[in-house]
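Hi everyone, thanks for coming. Let me put the model up on the screen, and then I'll walk you through one of its chains.

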Amino acid sequence: MRREIPLAITFLIGIFMLVDFFVPHHVVSSSAEEMKQWGTIIIAASILLGVGNLIRVHFHKIRRRREGWGYSITTLAIMAIMFAFGGPWGTIEEGSAFNWMFLNMQVPLQSTMFSLLAFFIASAAYRAFRLRSAEASLLLIAAIIVMLGRVPLGQLMTRSWPEAVQLPNMTEVIMAYPNMAAFRGILMGAALGVMAMGLRIILGIERSYLGGEK
Amino acid sequence: MSWAEKVLKVDRRWIFLAIGIAVTIPFFLPLGLPVITTPPVQSLYDAVDELEPNAAPLLLSIDYAPATLPELEPMSMAILRHCFEKDVDVVVMTLHPAGYGLAERAVLNAAEEYDVTYGEDFAFLGFQPGVSAVILGMGINIRNVFPEDAYGTPLDELPLMQGVRNYDDIPLVISLAGWSAAEAWVYFAYQPYRQTVGAGVTAVMATDFYPYLNAGQLVGLLGGMRGAAEYEGLVQHPDQGTRGMDSQSVIHLLIIVLIAIGNTAYFMARRAKAPSGGGVS
């Protein structure tokens, strides 16, 4: 019954939400609206679940001295500090310790981590972007046009050229046609996949979300 | 070891150093390169520019986290300045748990530059978890999802929110996101409610959004720091985005030069290794 009841709930709610999409009757739509609000509440509650799970995972890692357990101590300590300051003195008040730590510690640290990508991308491009085949050459030429066309330097370099072959215009053409066509194909494939997965979940074929299966 | 092989095996820390210098110098010695406006940015600007002053508000969803802040915060500042300059009312919210402080900072910083009043000209709703549920819920009634603003004031007590019930009363939503939130606005606000949606995303994400732009599901698109710089140019308020374009120009050029050097060395090394008279294999 531990599996059958969740599967039945999933089936009934899933089918009902599908019915709501096709049946514009106010009884159906008002019930569906109510359920959407339940969804918001459940998602809010799941954040607490996430915090609990984070503590559990890192606590086990520390207790068993698994690789990188020192980082787990840091994670839990920082979380405890943020809780300690955020609880009594609030999180949103201007000048509060929580807000100060967020803006002056988390923001620059995360921005720095993301900025490191520029260094690694440059190094990777130097080592891996080779004209080994016709496809790679095509990709490289498109990349160079887009890289230059996306910055003012590209505009400056080609401003005396005919308008159609100025780098910013060529970049827009690449983005709006070949790139867009390829992404549209990917999106359609992904959408079909999502629909198939949705049906599998509603019909109880896909059960991994219930957990407990190896 | 030949010259080409030495070049191919160069310590990557030299590349890091070159990138570091190339990023930093333009901040101290600005090149002042001009930024031209591309159609997706112009479309978004026009959509904001056409909004009625002191009428139905624009909904700005600042859905970015600190990691993507350098690219996306210039966009939020430029859009907020545009609205405040034109007396367009703005409602700000976030779908990202780490976006709360950043959204608040952006709207308060922009508001400081203009003669605008909280509750009358702009409001901050804060954060609600559950991306799709929030967007869908707001289509029914914003008060179901955000009964109060971020500071605990019921929405009915904010003059700005009088008569604003759902997307029927919001002419334009703009999502600035470094993750899939902007797509969620297309899926759950445009598709079921036909809400006009615009987006600002990181440069690497911009390519993913052209299908939505082409299909008319997005009214306009700002892509990366370049998009922010273009918007700053349109509102005639150059700031972080415009400043960053010089660095980005130099970096892109440097990467192209590095690729050229890498390929030259690669082919020279291959030629040197090939049997004599055999050419490149």
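**A walk through chain B**

Let me start with a helix: α4(B) is mostly covered, with 16 of its 17 residues buried. By buried I mean that 20 or more other C-beta atoms lie within 10 Å of the residue's own; 12 or fewer makes it exposed, anything in between partly exposed, and C-beta atoms are placed from the backbone. Helices (H or I, at least four residues) and strands (E, at least two) are DSSP runs, numbered from the N terminus.

A quick word on what we're looking at: this is a predicted model, in which local features need pLDDT of at least 70, side-chain atom pairs count only at pLDDT 80 or more, and totals for chains, interfaces and linings use all residues. Residues are numbered from 1 along each chain as its sequence is written, while chains are lettered from A and ligands numbered from 1 in the order in which they are written.

Back to α4(B): from first C-alpha to last it reaches 23 Å, close to the 24 Å expected at 1.5 Å a residue (that is, 1.5 Å times one less than the number of residues). Just after this helix, B:Asp87 takes a positive phi of about 60°.

Now the whole chain. Chain B has 12 helices and six strands, and its C-alpha trace spans about 85 × 40 × 30 Å along the principal axes. It is divided into domain 1 (3–30 + 245–273) and domain 2 (39–238), with bounds from an automatic or database domain assignment. The C-alpha centres of these two domains lie 38 Å apart.

Which residues touch the most other members of the largest nonpolar core? They are B:Val92, B:Trp185 and B:Phe209, in a core of 107 residues. Such a core is a set of buried Ala, Val, Leu, Ile, Met, Phe, Trp, Tyr and Cys residues joined through C-beta atoms within 7 Å. Our helix α4(B) gives the most to this core, with nine residues.

Next, please look at strand β4 (residues 172–177) of chain B: six of its six residues are buried, so the strand is largely enclosed by the rest of the structure. In a regular strand the side chains alternate between the two faces of the sheet. Here both faces are covered, by B:Leu172, B:Ile174 and B:Leu176 on one side and B:Val173, B:Ser175 and B:Ala177 on the other. β4(B) pairs in the parallel sense with β1 (residues 58–63) over six bridges, and also in the parallel sense with β5 (residues 197–201) over five bridges; pairing requires at least two DSSP bridges between the strands. B:Ser61 has B:Ser175 as its bridge partner in β4(B).

B:Trp185 meets this region too: leaving aside neighbours within four places in sequence, its contacts include B:Ser61, B:Ser175 and B:Val197. Contact here means C-beta atoms, placed from the backbone, within 7 Å.

Finally, the partner chain. The contact takes 48 residues from chain B and 46 residues from chain A. On the side of chain B that touches chain A, α12(B) gives the most, with 13 residues. That side divides into 30 nonpolar, 14 polar and four charged residues, where Ala, Val, Leu, Ile, Met, Phe, Trp, Tyr, Cys and Pro count as nonpolar, Asp, Glu, Lys and Arg as charged, and the others, Gly among them, as polar.

Thanks, everyone!

Conventions:
Two residues are in contact if their C-beta atoms, placed from the backbone, lie within 7 Å.
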